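Colleague: I would like to learn how to read the side-chain features of a model. Could you take me through them one at a time?

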Amino acid sequence: MEMQNDFDRLLFFEHARKTAEDAYAQDPLDADNLLKWGGALLELAQFQSVPDSKKMMLDGITKLEESLLINPKKHEAIWYLGNAHTSYAFLTADQDVANESFEKAAVYFQQAVDEDPDNELYRKSLEVSSKAPELHSQIHKHGGLDQLEMGAAPASAASTSSSAKSSKKKKSSDLTYDVCGWVILAVGIVAWIGFAKSQMPSPPTQ
């Protein structure tokens, strides 16, 4: 059932990506469409290997930045960029390089708060982002994503290769950060997801 849900999500966001790409050809100055395109790329990145995921995330970041060039006050795009840079940082083993992405993320989260100060989600995102570098250090100190960062390891046997690919796919599909109707990537970051979700306000009861 879970695999079917993942497949359905893959199809949904691939369709969203293609639709946005076609719409861009008709109107390259549609900021909302660029936001959808960037978001779809970020979602699709979780179905890739880590190197390909990072490339797709960078593509998504480019689309979101393009959306901001058209509408600099589009706080949804600003907030998504914060999440994208956070996710990218967690996939980066080098602490200094990761910290650069974390710093960018914090700036975007602050900008999102500045544009929409009453948005509780934006304020919480800014708050928990300060914990990200320390968590990154702890994760990678214990091995973290080193094996995934290197891509698929050389297969010593067919069964070993198959098992590794299956494990990688499961990790990729399981580790997501679901909020506000969008699934924002945090591939490989179980602790970050759990911590961030625990900090989010409970939805109002109907």
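Modeller: Start with exposure: buried means under 20% relative accessible area, exposed means over 50%, and partly exposed lies in between (1.4 Å probe, protein chains only). Glu-115, with a relative accessible area of 32%, is therefore partly exposed. This is a predicted model, in which local features need pLDDT of at least 70 and side-chain atom pairs count only at pLDDT 80 or more, while totals for chains, interfaces and linings use all residues. Residues are numbered from 1 along each chain as its sequence is written, and side-chain values use heavy atoms, with hydrogens and water left out.

Colleague: What counts as a salt bridge, and how many does the structure hold?

Modeller: The criterion is a side-chain nitrogen of Lys or Arg within 4 Å of a carboxyl oxygen of Asp or Glu. The structure holds 9 of them. One joins Lys-73 to Glu-115, with the closest N and O atoms 3.6 Å apart. Lys-73 lies in the loop between helix 3 (50-70) and helix 4 (75-90) and Glu-115 in helix 5, so this pair ties together parts that are 42 residues apart in sequence. Helices here are DSSP runs (H or I, at least four residues), numbered from the N terminus. Lys-73 has a relative accessible area of 58%, so it is exposed.

Colleague: Which residues are linked in a network of salt bridges?

Modeller: Glu-14, Arg-17 and Glu-21 are linked in such a network.

Colleague: How do I read aromatic pairs?

Modeller: Rings of Phe, Tyr and Trp (its six-membered ring) pair if their centres lie within 6.5 Å; planes under 30 degrees apart count as stacked, over 60 as edge-to-face and the rest as tilted. A search of the whole structure finds 5 aromatic pairs. For Phe-12 and Phe-13 the ring centres are 5.0 Å apart and the planes stand at 90°, so the pair is edge-to-face. Phe-12 is exposed at 54% relative accessibility, whereas Phe-13 is buried at 8%. Elsewhere, ring pairs link Trp-79, Tyr-80 and Tyr-122 into a cluster.

Colleague: Last topic: what makes a surface patch?

Modeller: Patches are made of residues with over 30% relative accessible area and no salt bridge; like charges are joined within 9 Å, and nonpolar side chains (Val, Leu, Ile, Met, Phe, Trp, Tyr) within 5 Å. Areas come from the Shrake-Rupley method with a 1.4 Å probe, and for residues only the protein chains shown count as cover. Leu-29, Leu-69 and Ile-70 form a nonpolar patch with about 340 Å² of accessible area together. Leu-69, in helix 3, is exposed at 72%.

Colleague: Which residues gather in a patch of negative charge?

Modeller: Asp-94, Asp-96, Glu-100 and Glu-103 do. Asp and Glu count as negative and Lys and Arg as positive, with His and the chain ends not counted; each charge is placed at NZ of Lys, CZ of Arg, CG of Asp or CD of Glu. Asp-96 belongs to helix 5 (residues 95-115) and is exposed at 57% relative accessibility.

Notes. Helices (H or I, at least four residues) and strands (E, at least two) are DSSP runs, numbered from the N terminus.
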